[in-house]
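Here is a request for a quick briefing on one protein fold. Look over the sequence and the model, then read on.

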Amino acid sequence: MIATQNYTWTDEQKATILEHQAFHMNMTTFLNNVVMEGPTKTFPRKPKSNLKQVIMTKKTKEYKKRSHEQLHAYLVENFIETKKTIDRDVFLFKLEDITTEEQALEKLKDGFKHLKRQNAQTLFFFIQYGMLLNVVYKKIFELRIQGIITITWGKWLLENIGIHPSYARRLRECAKSLGGYYKLYKVGLSFTEIFKLKKELVALFNSSPEMNTFWQENPDICSTREMESSQEVMTLSTL
């Protein structure tokens with residue numbers, strides 16, 4: 001009975017499989033001879049091609065895309081009060097001060113609240129700085145045309161600010177997509193997560209006039225002097 005092939009391999013994949021099949025058949029014969037005749041000075045040549053890469057299925061993370069309503073609810077759910085500074089004292093503790101589950105929970109909840117506040121503040125910094133970079137980019141472009149500046153934008157950034165062009169590009173790109181949607185400054189999610197959601201966020205904001213208006217509403221951003229508490233802002237990397 002002839003077996004039916006249920007999968008179609010490319011010519012290159014099939015060649016790799018047949019190459020390894022021949023190797024293992026030769027190896028079986030070789031080992032049988034070794035058993036019967038003893039040690040040998042030769043050894044079958046192993047294929048250089050990667051069989052595992054050809055025949056193993058790749059594991060992929062299943063990503064379930066949120067609907068506009070679900071994404072909106074998720075963002076609003078992570079709103080955080082941003083008129084208060086981050087209290088560094090929350091993150092200073094002694095192990096002996098945490099003796100009960102209640103104390104541990106209180107400390108963790110309080111700390112997470114400040115982490116979310118830092119995330120929101122960092123997102124504000126990144127988007128606003130990206131907008132600033134976009135403005136300066138246009139000015140530098142004009143100065144280059146006039147011959148006043150002769151080096152490239154990327155080199156100008158590195159020499160004068162110390163910012164790598166790829167990092168600046170990321171901030172500028174984020175600002176172009178999300179700048180002007182001020183309600184985002186209340187969201188306590190990390191910049192990394194927001195950046196990954198960028199396309200979905202743009203689609204959300206454009207899904208309806210009401211949604212666009214909601215996210216463009218200015219949440220009354222206050223200056224540092226107007227913020228409650230005079231604690232120094234804690235710097236936590238969210239990238």
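Predicted model: local features only at pLDDT ≥ 70, side-chain atom pairs only at ≥ 80, totals over all residues.

Residues are numbered from 1 along each chain as its sequence is written, and side-chain values use heavy atoms, with hydrogens and water left out.

**Overall make-up**

- The protein has 9 helices and 0 strands. Helices (H or I, at least four residues) and strands (E, at least two) are DSSP runs, numbered from the N terminus.
- The order of elements from the N terminus is α-α-α-α-α-α-α-α-α.
- Of the 239 residues, 30% count as buried. Buried means under 20% relative accessible area, exposed over 50%, and partly exposed in between (1.4 Å probe, protein chains only).
- The accessible surface comes to about 17,600 Å², and 55% of that belongs to carbon and sulfur atoms. Areas come from the Shrake-Rupley method with a 1.4 Å probe; for residues, only the protein chains shown count as cover.
- Take the contacts between residues at least 6 apart in sequence: 74% of them join residues at least 24 apart. Contact means heavy atoms within 4.5 Å.

**Helix H5 and its cover**

- Helix H5 spans residues 153-160, and its buried residues are Trp153, Gly154, Trp156 and Leu157.
- These residues cover an arc of only 165 degrees around the axis, so they sit on the same side of H5. The arc is that of the directions from the helix axis to the C-beta atoms.
- An α-helix has 3.6 residues a turn, so residues three or four places apart point the same way.
- The cover over the buried residues of H5 includes helix H4 (101-145) and helix H6 (165-178).

**H4 against H6**

- The axes of H4 and H6 come within 7 Å and cross at roughly 100 degrees. Axes are lines fitted to C-alpha atoms, for helices over the stretch in contact, and angles run from 0 to 180 degrees between N-to-C directions.
- H4 is therefore roughly perpendicular to H6. Angles of 65 to 115 degrees count as roughly perpendicular, under 35 as roughly parallel, over 145 as roughly antiparallel and the rest as oblique.
- The H4 side of the contact includes Phe126, Ile127 and Tyr137, and the H6 side includes Tyr167, Leu171 and Arg172.
- By class, this contact of H4 with H6 has 12 nonpolar, 2 polar and 2 charged residues. Ala, Val, Leu, Ile, Met, Phe, Trp, Tyr, Cys and Pro count as nonpolar, Asp, Glu, Lys and Arg as charged, and the others, Gly among them, as polar.

**H3 against H8**

- Helix H3 (residues 68-77) and helix H8 (residues 198-205) pack at about 105 degrees, with axes 10 Å apart.
- H3 and H8 are therefore roughly perpendicular to each other.
- His68, Leu71, His72 and Leu75 of H3 meet Glu200, Leu201, Ala203 and Leu204 of H8.

**Two buried residues**

- Met211 lies in helix H9 (residues 209-216). Met211 is buried, at 15% relative accessible area.
- Beyond four places in sequence, Met211 touches His72, Leu204 and Phe205.
- Phe23 lies in helix H1 (residues 11-37). Phe23 is buried, at 11% relative accessible area.
- Beyond four places in sequence, Phe23 contacts Pro44, Arg45, Lys46 and Pro47.
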